[in-house]
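Dear colleague,

I am passing on the structure we spoke about, together with some notes on what was found in it. Please read the notes with the coordinates open beside them.

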Amino acid sequence: MRIAVIGGGPGGLYFSALAKQLGPEHEITVWERNAADDTFGFGVVFSDETLGGIEHADPVIHAQMEREFARWDDIDVHYGGQVITSGGHGFAAMGRKRLLEILQERCLELGVDVLFQTQAPPTEVLRREYDLVLAADGLNSAIRTELADEFQPTLDVRQSRYMWLGTDKVFEAFTFDIRETPHGVMQIHGYPFDANGSTFIVEMHEDVWHRAGLDAHDVTDLKAGESDEKSVDFVREQFSDVLGGHEVLANNSRWTSFTTVSNVSWFHENVVLLGDAAHTAHFSIGSGTKLAMEDALSLAACLHEEVDVPTALAAYEEERKAVVLSTQRAAQASLEWFENIDQYVHQDPEQFAFNILTRSRRITYDNLRLRDPEYVAGVDRWFAQHEKLAGRGDGHARPPMFHPYRLGELELANRVVVSPMDMYVAVDGLPGDFHLAHLGGKALGGAGLVMTEMVCVSPEARITPGCAGLWTDEQGAAWGRITDFVHASSQAKIGVQIGHSGPKGSTKLMWEGIDQPLDDGNWPVVSASEVAYRDGVNQVPRALDRSDMDAIVAEFVASTVRADRAGFDLAELHCAHGYLLSSFLSPVTNQRTDEYGGDVESRLRFPLEVFSAMRDAWPAHKPMTVRISATDWVEGGTTREDALHMARMFEKAGAAAIDVSTGQVTSEERPAFGRSYQTPFADAVRNVVNVPTIAVGVISSADDVNTIVLSGRADLCALGRVHLYDPSWTLHAALDQDYDGPGAEWPVPWRAGRRKPQTGRLDGPKPRLELIRSGVEVDGHRRWRPAQAV
């Protein structure tokens, strides 16, 4: 093959070396517009997983890299006058310039033709004359731009500004230094890369950057290699204590905004993207160089394994895209955390440090406990004392999910909520034996709070014919049978979610066709506006007039009164998921021109009327919560600011907590689905509005709950499907964590089952067969001290 590589960075060079080894007969030419000794940046960092792949693919390159590595385990978080250290993380870094030298030498040794200070021929010529054209030409890839219609790139320019710098100070660990300044929060991300220096990034939100006057130094006409020296002087002064008198080194250093790059397709005919040309991931979770070298390994292997170029490129895209998307999800979570870092500066240093360590959702409570058990034990002790001072708990350390919580005057034994889940088995709105077994079983299973499905305020308020209701006294009595059981047989509290289906009503049971209209027996549906959930499929609802609103408010109040008589401990108003009150809140579904439509204040008016009327009818000592959709996942939908304002107004009206969900407002939604994907919205409401929140959405493990609660992203976690899989999920989570205490009390008749049963054959205790035990205890707090490492 004849292979043209555009870009002589680590990705392009590493691919060329690997491809030449696998096919010495290949003719490989690399075009690099810069000189061989030009490099912009200082250090690069690798994971152990990536280094294992490099060692297997090219032991020569790996051996040379290994001799250069700075290695350490610790992360130091400087915040609030404290330095908090977590160990066991395993970093390896080296100078970018030295890495390029190693790769250049390897390419030369293998016979790759590398042309420095040379512009590549036009893409059209390369495509015609070469079997493969590799675009490794970086973030601003000219080839990707030229073939944009084929690659379909998305470039998301973010809200923070950052500058990449170096210093002759040798950090001993990966260092986060976060500080409040008169302009706002600024932070350093820094790490060592050899015995003589470190690299660090200064980052701040764009608003802070403007307030600091750094926009006045924003120079757009700098030549390659030149730096914004006035801003470098600002950094030198602002972070003089961190640098300790050491020099700040600049190399093409200027303020920029991070751009997240993604492409629908990574190849077109014989042209393929690699590294930053194909994708980027925020620097706070790792190195773009690492991703590019992983791309290079995959592409070289696929070309060697497959029968032709098109098949190989398809295999490469399939193999790498899933890995990169996973990395980008974690990077996006980390990026957004730093964009919103000002919402955490009220946290104590111990919680702040745990929060920053777990920001990407890849590192969790359990993961940190494996890496550094002493660190997690210390944070557990801090949290226990913090909760005791807040009047929650006895100060004894335990897994965070098993600390008690108070909603108003309602005491919950732990932080686990059984999320509302529609069962669709009620008959004429009447809950039956199934509901008793379903909700009673979850209460016996240890959750602190068990929520009903959405209970409807009228026959016309149902989603399906199988939805439960509270529009008759008979229904109220049936619910009372369930609440009596929960209170008599468990430590759980039970809440009712009250709602109206609005435009999503009159549909089939879930297993007959979710959101599909009934074949017969339809009832008319209503909404804020005449906007169908799915145009041409679902009914076009009738827009409510004032008399309709008055009637519906009365229905909500009547159901609330019945809920109290039935013995429920908590009432939640459902204002999410495209149902009636959600249809008022979302600008997608609310197209009214009267006082109930328009800005968020006006869209809130009717839902607040309903909530206030319910709050007046609900006993003062019992809490009320509200579920909202914090985003619609479509352009023009509910914004972050809208959601925060909704939370403020509902709290002002008497909500004890906000149950923060998202979406299901329109069938056009495109949610960023993934583990705990809705938690950042609960996090924002809790830490900006300062109101308790319930997080919900693919929270599926005790590890997730512990991480969310301990980091301060939410106060309670609502889990749905895990409780369908295991009704005793909370009790089993306690067993798995060796916890036996008041946060997870087993029902007395079940206490004999508090041990996990044996499964399968056990090979009993093994005899000692070593005179001297092998294995050396690993120090999880290795730091980079090159004078000692020599």
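Gln117 sits in the loop that joins strand E8 (113–116) to helix H5 (123–129), and in this predicted model its phi is near 50°, a positive value in a residue other than glycine. That is worth a look, because most residues other than glycine have a negative phi. Gln117 has a relative accessible area of 63% and is therefore exposed.

A second residue with a positive phi is Tyr424, where the angle is near 60° and the residue is again not a glycine. Tyr424 belongs to the loop between strand E20 (416–418) and helix H16 (433–444). Is Tyr424 buried or exposed? Its relative accessibility is 11%, and because this falls under the 20% limit, Tyr424 counts as buried.

Turning to the strands, Ala93 lies in E7, which covers residues 91–95, and with a relative accessible area of 0% Ala93 is buried. Leaving aside residues up to four places away in sequence, Ala93 touches Val44 and Val45, then Glu68, Phe69, Ala70 and Trp72, and finally Tyr191, Pro192 and Phe193. Phe116, by comparison, is 23 residues from Ala93 in sequence, and the two C-alpha atoms are 26 Å apart in space.

Two helix pairs were also examined. Helix H2 (residues 48–57) packs against helix H3 (residues 59–68) at an angle of about 130°, and their axes are 5 Å apart. H2 is therefore oblique to H3, since the angle lies between the limits of 115 degrees for roughly perpendicular and 145 for roughly antiparallel. On the H2 side the contact involves Leu51, Ile54, Glu55, His56 and Ala57, which meet Pro59, Ile61, His62 and Met65 of H3. By class, the residues of this contact comprise six nonpolar, two polar and one charged.

The other pair is formed by helix H22 (residues 640–652) and helix H23 (residues 679–689), which pack at an angle of about 60° with their axes 10 Å apart. This angle makes H22 oblique to H23, and the crossing of the two helices is right-handed. H22 contributes Arg640, Leu644, Ala647, Arg648 and Glu651 to the contact, while H23 contributes Ala684, Val685, Val688 and Val689. Sorted by class, the residues in the contact of H22 with H23 are six nonpolar and three charged, with no polar residue among them.

As for the chain as a whole, its secondary structure amounts to 27 helices and 29 strands. The C-alpha trace spans about 85 × 70 × 60 Å along its principal axes. The radius of gyration of the chain is 30 Å, which agrees with the value near 28 Å that a compact globule of 790 residues would have. Of these 790 residues, 58% count as buried. Among the contacts in the chain with a separation of 6 or more, 71% are accounted for by residues 24 or more positions apart.

Technical notes:
Residues are numbered from 1 along each chain as its sequence is written. This is a predicted model: local features need pLDDT of at least 70, side-chain atom pairs count only at pLDDT 80 or more; totals for chains, interfaces and linings use all residues. Side-chain values use heavy atoms; hydrogens and water are left out. Axes are lines fitted to C-alpha atoms, for helices over the stretch in contact, and angles run from 0 to 180 degrees between N-to-C directions. Helices (H or I, at least four residues) and strands (E, at least two) are DSSP runs, numbered from the N terminus. Angles under 35 degrees count as roughly parallel, over 145 as roughly antiparallel, 65 to 115 as roughly perpendicular and the rest as oblique. A crossing is left-handed if the near helix is turned anticlockwise from the far one by less than a right angle, and right-handed if clockwise. Contact means heavy atoms within 4.5 Å. Ala, Val, Leu, Ile, Met, Phe, Trp, Tyr, Cys and Pro count as nonpolar, Asp, Glu, Lys and Arg as charged, and the others, Gly among them, as polar. The radius of gyration is taken over C-alpha atoms; the globule rule is 2.2 Å times the number of residues to the power 0.38. Buried means under 20% relative accessible area, exposed over 50%, partly exposed in between (1.4 Å probe, protein chains only).
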